[in-house]
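Dear colleague,

Please find below the structure that I am handing over to you. My findings follow directly after it, and I would be grateful if you would read them alongside the model.

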Amino acid sequence: MNSLLNQANTILNQATNSPDDHWRPKFHITPPEGLLNDPNGFIQFDGQYHLFFQWHPFACQHGSKFWAHCTSQDLVHWQLKPTALAPDASYDKNGVYSGSAFVLNDELHLFYTGNLKDESNQRVSTQCLAKAVDGELESYQKLGPVIHSQPQGYTAHFRDPKIWQHDDRWYCVLGAQTEQLTGQVLLYTSEDAQQWQYMAPIAGDGINGLTDFGYMFECPDLFPLDGQDVLIGCPQGIKPQGMNFHNRHNNGYFVGELDCTRAQYNHGAFQPLDRGFEFYAPQTTLADDGRRLLSAWLGIPDEDDQPTVEHNWIHALSLVRSLHLIDGKVHQRPVEEHQSLRQSQQQWPEQPLNATQPLTFSSENCFELVLNVEQIEGVFSLRLAEVDEHYVDISFDSSTGIFKLDRSHALHQTGSRECTLNNTDSLALHIFFDRSVLEIFINNGEEVFSGRVFPSQPVSNTTVTSTKSCIIKELIRYDY
Ligand code: FRU
């Protein structure tokens, strides 16, 4: 019988892009066919970046997940490699779930969750190892479970190991659910990355005074950043608070200090990382040059009704971003390597803009926009992806400092998201629009809004307006 791995590789090798699919991004990672979700195993090894992702090759729905594998020299041009892991072992046959990568004895290892539904359809989660077995790092041998079950007091919703080394010991954080159905992050330690000891829960519901923190915490990632320890992840079931946490499943981070030996993590409030509509399961890695890099799934669990399913694929990964901690806040910036994708540019001269003078241009839906606006009075806005009666509005109200992304007039999409910015009279936007992916970096990464947009045609209009006045200091569109 054709193995699951071969079946996935056949799909990967035979997948073709339909010529009338103008939603397939040019430079964001998407699945060849089927469904993509979390980035996994992000690592730089021997100078090359490896980025794996959760993949269901057989349908645009969640199912028994595989690990697809991409590599890159520059974080921008990615090559899809043979599938790394298939759900073909007794302990992971219902999904090779999310996890991370590490290097041990100069060999690339993967640490993932084996998802199993037993004979009585009960979930069994184990944390498993695999390692690369060829010089090209294209085939992986499973080494089996190394954490055989969740600790006492927790359900089998126990997954997504993120591993790191510190002072000659290994540590990992895992997402977990207590028997009271609350979400927590658990810390484990090991001398050799094979024998693991459970230490303690270090964050989540009931810890550090946190209450009402949802029913599960997925995809934790804990790392040092600019002198602090940042824990990012995805609590499920938290309620909206003001402008924050309006997605069905949310993302965010704590800033604090981790004491590994005592298994204590003192941290501040949980803050949103990306404020857009589709952003989940972010994972970071430390690059050789010291940058903390992040990739994320530009999707949300339970939102799988996007129109790309008519072309047999769904979801995308974000651009790779670098992280910076400034005044207790994580800033995200697109890595500079993206500039190498720029093909041509149109630059507008510095100019004042008032209520009667909008600035409009048409372009293909694959561009980067750099926009610096000063002396804003009234509301400054940008209408993107305008085709027929459909569009996305971005606005900034200088009287309140409120920035808003509104897609209630977009085709197939609804809703708006907003936040309050510190600056009230100037705005710097760095926007990437890749056919159906929108990523908006505000004020050099102080806030980011990501989401999907599906214009009915590949060419659309962009309009810049002001209800009172402002000065457009810089406006450049780079075409890709
Ligand atoms: C997050 C998640 C992880 C899990 C994986 C399964 O999106 O639910 O917790 O490991 O996806 O695909």
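The lining of the largest pocket divides into 14 nonpolar, 5 polar and 4 charged residues. Please bear in mind throughout that this is a predicted model. The largest pocket holds about 580 Å³ of space. It is lined by 23 residues, and those closest to its centre are Ile 163, Trp 164, Gln 165, Leu 286 and Arg 292. Two or more lining residues come from each of E1, E5, E9, E13 and strand E17 (280-286). Of these elements, E9 contributes the most to the lining of the largest pocket, with 5 residues.

I turn next to the ligand. Its surroundings consist of Asn 37, Asp 38, Gln 54, Lys 65, Tyr 97, Ser 98, Arg 159, Asp 160, Glu 218, Cys 219, Tyr 280 and Trp 297. By class, this shell has 4 nonpolar, 3 polar and 5 charged residues.

- Gln 54 places a polar side-chain atom 2.6 Å from a ligand oxygen.
- Lys 65 has a side-chain N or O atom 3.0 Å from a ligand oxygen.
- Ser 98 has a polar backbone atom 3.1 Å from a ligand oxygen.

The ligand taken alone exposes 320 Å², of which the protein buries 92%. Strand E1 (34-45), strand E5 (96-104), strand E9 (154-166) and strand E13 (216-225) are the elements that give two or more residues to the shell around the ligand.

The largest cavity contains about 100 Å³ of space. Among its 13 lining residues, Asn 244, Phe 245, His 246, Asp 274 and Arg 275 are the closest to its centre. The lining of the largest cavity comprises 3 nonpolar, 6 polar and 4 charged residues.

The second largest cavity contains about 90 Å³. Its lining has 14 residues, with Gly 99, Asp 160, Cys 219, Pro 220 and Gln 283 closest to the centre. At least two residues of this lining are supplied by each of E1, E5, E9, E13 and E17. By class, the lining of the second largest cavity has 6 nonpolar, 4 polar and 4 charged residues. Asp 160 and Cys 219 also belong to the residues that surround the ligand.

Finally, an unreviewed UniProt entry annotates residues 339-467 as "domain: Glycosyl hydrolase family 32 C-terminal". In the model, this span is 0% helix and 64% strand, and its end C-alpha atoms lie 32 Å apart.

With kind regards

Terms used:
Residues numbered from 1 in each chain as written. Predicted model: local features only at pLDDT ≥ 70, side-chain atom pairs only at ≥ 80, totals over all residues. Heavy atoms only, no water. Near = heavy atom within 4 Å. Polar contact = N/O pair within 3.5 Å; in protein donor to acceptor, adjacent residues only side chain to side chain. Areas by Shrake-Rupley, 256 points an atom, 1.4 Å probe, with all protein chains shown as cover. Helix = DSSP H or I, 4+ residues; strand = E, 2+ residues; numbered from the N terminus. Nonpolar A, V, L, I, M, F, W, Y, C, P; charged D, E, K, R; others polar. 1 Å grid on protein atoms, 1.4 Å probe; cavity = no way out; pocket = protein on both sides within 12 Å on 5 of 7 lines; lining within 4 Å. Points joined across faces, edges and corners; volume = space filled by probe spheres on them. UniProt positions renumbered as here; feature names shortened; annotations may be inferred.
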